[in-house]
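Hi,

Here is the model I promised to pass on.

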Amino acid sequence: MQASEPAQKGHIVLLDRINGPEDLKNLSREELSQVAQELRQEIIQVCAESGGHLASSLGAVELITALHHVFDSPRDRILFDVGHQAYAHKILTGRRSRMQTIRKEGGLSGFTKVSESEHDGITVGHASTSLANALGMAFARDALGQNYNIAAVIGDGSLTGGMALAAINQIGYQQKRMLIILNDNEMSISENVGALNRYMRTLQIQRWFQDVEDAGKKALQAFSRPLAQMVSRAKDSARNFFDPASDNPFKAMNVRYVGPIDGHDLGQLVYVLSKLKDLDGPTMLHVVTKKGKGLEYAEKDPIKWHGAVPHDPKTGTAPASKGYSWSAAFGDAMIELAKEDPRLFVITPAMREGSGLVKYSQTHPHRYTDVGIAEDVAVTVGAGMALQGLKPVVAIYSTFLQRGFDQVLHDVAIENLPVIFAIDRGGMVGADGATHHGVFDLAYLRTIPNVSIALPKDTSELRGLFKAALKHGGPVAIRYPRGNTDQVPEGTWPEVQWGTWEWLNPSEEVVVLAGGKALEYARKAVADLPGVGLVNARFVKPLDEEMLEYIGRTARAIVTVEDHQKMGGFGSAVLEFLADRGLTPKVRVLGIPDQFYDHAEVSSIHAQAGIDSQAIRTVLAELGVDVPIEI
Ligand SMILES: CC(=O)c1sc(CCOP(=O)(O)OP(=O)(O)O)c(C)[n+]1Cc1cnc(C)nc1N
Ligand SMILES: [Mg+2]
């Protein structure tokens with residue numbers, strides 16, 4: 001590709017001619033800097049129009065440009081942990097024209113995805129998986145006698161995940177050739193946490209230490225070499241004492257550590273990556289970046305601009321978000337509950353904002369902790385708290401609780417400990433796609449003895465269930481969807497009788513059973529059908545056995561609806577119950593079919609999956625209920 005005159009700011013010149021990483025190879029340092037500038041403009045424009053992971057992607061622009069200049073993707077494998085920071089990677093690997101479709105139905109994934117491009121080494125969305133993937137690829141490369149490079153980019157937040165640290169332990173032990181690039185911007189979604197994070201700050205101070213030391217060494221050598229050598233020996237022994245970098249955990253695990261270097265200095269990045277690329281064994285390059293780099297309002301507030309909504313790119317202004325979210329309803333309830341019960345303690349695995357806990361963490365800072373991206377740790381920390389008399393609430397997305405399944409079983413349920421799981425994003429979540437949909441939790445929780453599962457229909461019931469859960473003791477999962485709910489006055493704490501359902505439309509011939517988000521669809525579906533019974537099945541476990549027994553004996557047909565996999569969910573529980581008692585009404589189970597759903601609007605996914613109001617009415621019609629199909 002011919003070099004061209006550098007473009008004035010604002011004009012896209014070089015990107016127009018980059019259709020793949022091979023077009024980066026012959027660019028000069030100045031041209032690479034121009035490419036980075038143009039990438040930044042495109043990412044800003046894409047996120048302004050479509051929303052997306054703006055701040056993370058802006059912070060990784062130079063790093064990704066340098067990686068694709070130095071390495072030879074797709075022959076070399078370049079992996080991104082979580083994959084949310086990879087917008088520049090997508091643009092440079094032939095997807096520039098489709099960037100406006102990102103996170104939309106039929107469009108690009110918001111993360112890297114193997115089926116989307118040969119340049120996407122792994123399909124991700126959950127954190128901390130890149131290093132074990134990289135090790136696996138190194139095993140495969142060596143076992144097959146092949147020869148290519150593997151580079152894994154992992155953020156400082158993702159490095160707080162146990163899976164990443166365990167992988168480094170193995171990587172240092174196996175000594176396979178690979179490059180880990182730690183993209184350290186001191187941020188997870190919130191400020192990053194953990195001892196390793198604090199240690200990495202000292203490494204950045206250490207650069208200052210290095211510079212002073214280098215200058216001193218040069219001055220001394222100019223004066224007397226023997227003296228310089230003697231001082232150098234003395235310095236090395238002192239170094240372990242003063243220099244934090246000498247207890248570098250990565251070096252301790254036999255991973256070569258290089259850095260920290262400026263993750264926005266393209267010249268330095270290209271130089272160092274070229275030097276490290278072919279070194280034997282594992283190397284970690286520590287780069288320091290700024291989340292939101294190059295966009296003033298995103299640099300100033302990387303938390304807000306971690307996940308951008310469509311906005312004015314010049315000012316960062318966006319229409320005020322409407323409505324009161326389930327997450328806010330949960331956070332407000334916790335603030336009040338903590339005033340009532342001094343034993344309450346809320347734990348988040350790096351999702352303070354997403355779980356609606358910002359205000360709670362400020363109101364009750366001593367009854368709150370963020371354990372980092374470590375859901376397994378969050379659950380078992382809750383178990384430890386419960387063993388010693390606290391009332392822990394683990395605030396966790398359904399999809400991320402998958403990382404703590406064994407901890408729920410092994411550390412909480414066996415001893416029937418009073419840990420409450422506030423499960424947010426229960427059900428389909430939309431733009432984050434298959435890696436983030438929370439549609440497996442009813443099945444994986446239902447099989448664990450002692451665990452109760454409840455689905456509030458509104459904010460008042462959410463609060464009533466937390467109050468009942470605190471009284472109930474034992475492990476309780478209270479699951480609610482992404483999206484909005486109603487707002488209730490402070491002090492709303494209704495009584496909810498444990499394990500009971502609620503008749504909403506007491507008609508007995510054909511009965512629809514649904515809880516949580518599915519109940520919204522069911523209500524709409526039967527609104528003008530007085531002959532169809534409707535039950536708020538707010539407990540998945542325990543079922544309301546008395547009511548279900550009655551319905552099983554009297555109704556000719558039952559329809560269950562859930563925003564969850566059909567297999568193993570609420571409908572399965574009802575079928576098991578009826579079969580155990582020899583009750584034989586017709587049963588239709590509406591749930592998510594046995595497949596993954598990519599990113600799309602939640603309503604569209606629900607319609608495709610056959611659990612929305614239209615689907616319910618169609619089934620009712622098939623069961624002989626006289627319903628107008630269209631609503
Ligand atoms: C997108 C998403 O779901 C993100 S991005 C992110 C912060 C990652 O911080 P890191 O320092 O690695 O990257 P940075 O943004 O460049 O600073 C979190 C916690 N999450 C949620 C999350 C929670 N828990 C798990 C297992 N995976 C994910 N992806
Ligand atoms: Mg980070």
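Helices (H or I, at least four residues) and strands (E, at least two) are DSSP runs, numbered from the N terminus. With that in hand, strand β2 (residues 150-155) has 6 of its 6 residues buried, so β2 is largely enclosed by the rest of the structure.

Some housekeeping. This is a predicted model, in which local features need pLDDT of at least 70 and side-chain atom pairs count only at pLDDT 80 or more, while totals for chains, interfaces and linings use all residues. Residues are numbered from 1 along each chain as its sequence is written, chains are lettered from A and ligands numbered from 1 in the order in which they are written, and side-chain values use heavy atoms, with hydrogens and water left out.

**The strands around β2**

In a regular strand the side chains alternate between the two faces of the sheet. You can follow that in β2: I150, A152 and I154 point one way, A151, V153 and G155 the other way, and all are buried. Strand β1 (residues 77-80) reads likewise, with R77 and L79 on one side, I78 and F80 on the other, and all of them buried.

As for pairing, two strands pair if DSSP finds at least two bridges between them. β1 and β2 run parallel and are joined by 4 bridges. R77 has I150 as its bridge partner in β2, and L79 has A152. On to strand β3 (residues 178-184): β2 pairs with β3 in the parallel sense too, over 5 bridges, and V153 stands opposite I181 there.

**The magnesium ion**

Which residues coordinate the magnesium ion (ligand 2)? They are D156 (OD), N185 (OD1) and M187 (O), at 2.0 to 2.2 Å. Donors here are N, O and S atoms within 2.8 Å of the metal (3.2 Å for Na, K and Ca), and water is not among the atoms, so sites may look incomplete. Along the chain the donors follow the spacing D-x28-N-x1-M. N185 is buried, with a relative accessible area of 14%, and M187 is buried as well, at 12%.

Between those two sits E186, in the loop between β3 and α7 (195-223). Most residues other than glycine have a negative phi, and most peptide bonds are trans. E186 has a positive phi, near 65°, and at 37% relative accessibility it counts as partly exposed.

**Ligand 1**

Ligand 1 has 25 residues around it, and the closest are H84, G125, G157, S158 and E375; a residue is near a molecule or strand if one of its heavy atoms lies within 4 Å of it. By class the shell holds 9 nonpolar, 12 polar and 4 charged residues. In that count Ala, Val, Leu, Ile, Met, Phe, Trp, Tyr, Cys and Pro are nonpolar, Asp, Glu, Lys and Arg charged, and the others, Gly among them, polar.

A polar contact is a pair of N or O atoms within 3.5 Å; within protein, one must be able to donate a hydrogen and the other to accept it, and residues adjacent in sequence count only if both atoms are side-chain atoms. Oxygen atoms of ligand 1 lie 2.8 Å from a polar side-chain atom of S56, 2.9 Å from one of N185 and 3.1 Å from a side-chain N or O atom of D156. Taken alone, ligand 1 exposes 630 Å², and the protein buries 98% of that. Accessible areas come from the Shrake-Rupley method with a 1.4 Å probe, and for residues only the protein chains shown count as cover.

- S128, in the loop between α4 (87-95) and α5 (130-143), has a positive phi near 75° and is buried at 0% relative accessibility.
- The peptide bond from G259 to P260 is cis, with omega near -5°, and P260 is in strand β4 (residues 256-262).
- K541 and P542 are also joined by a cis peptide bond, with omega about 0°; P542 is in the loop between β17 (539-541) and α20 (545-554).
- T348, in strand β7 (residues 344-348), is buried at 0% relative accessibility, and a polar atom of the T348 side chain lies 3.0 Å from the backbone nitrogen of M351.

Cheers

Note on methods: Buried < 20%, exposed > 50% of the residue type's maximum accessible area, 1.4 Å probe, protein only.
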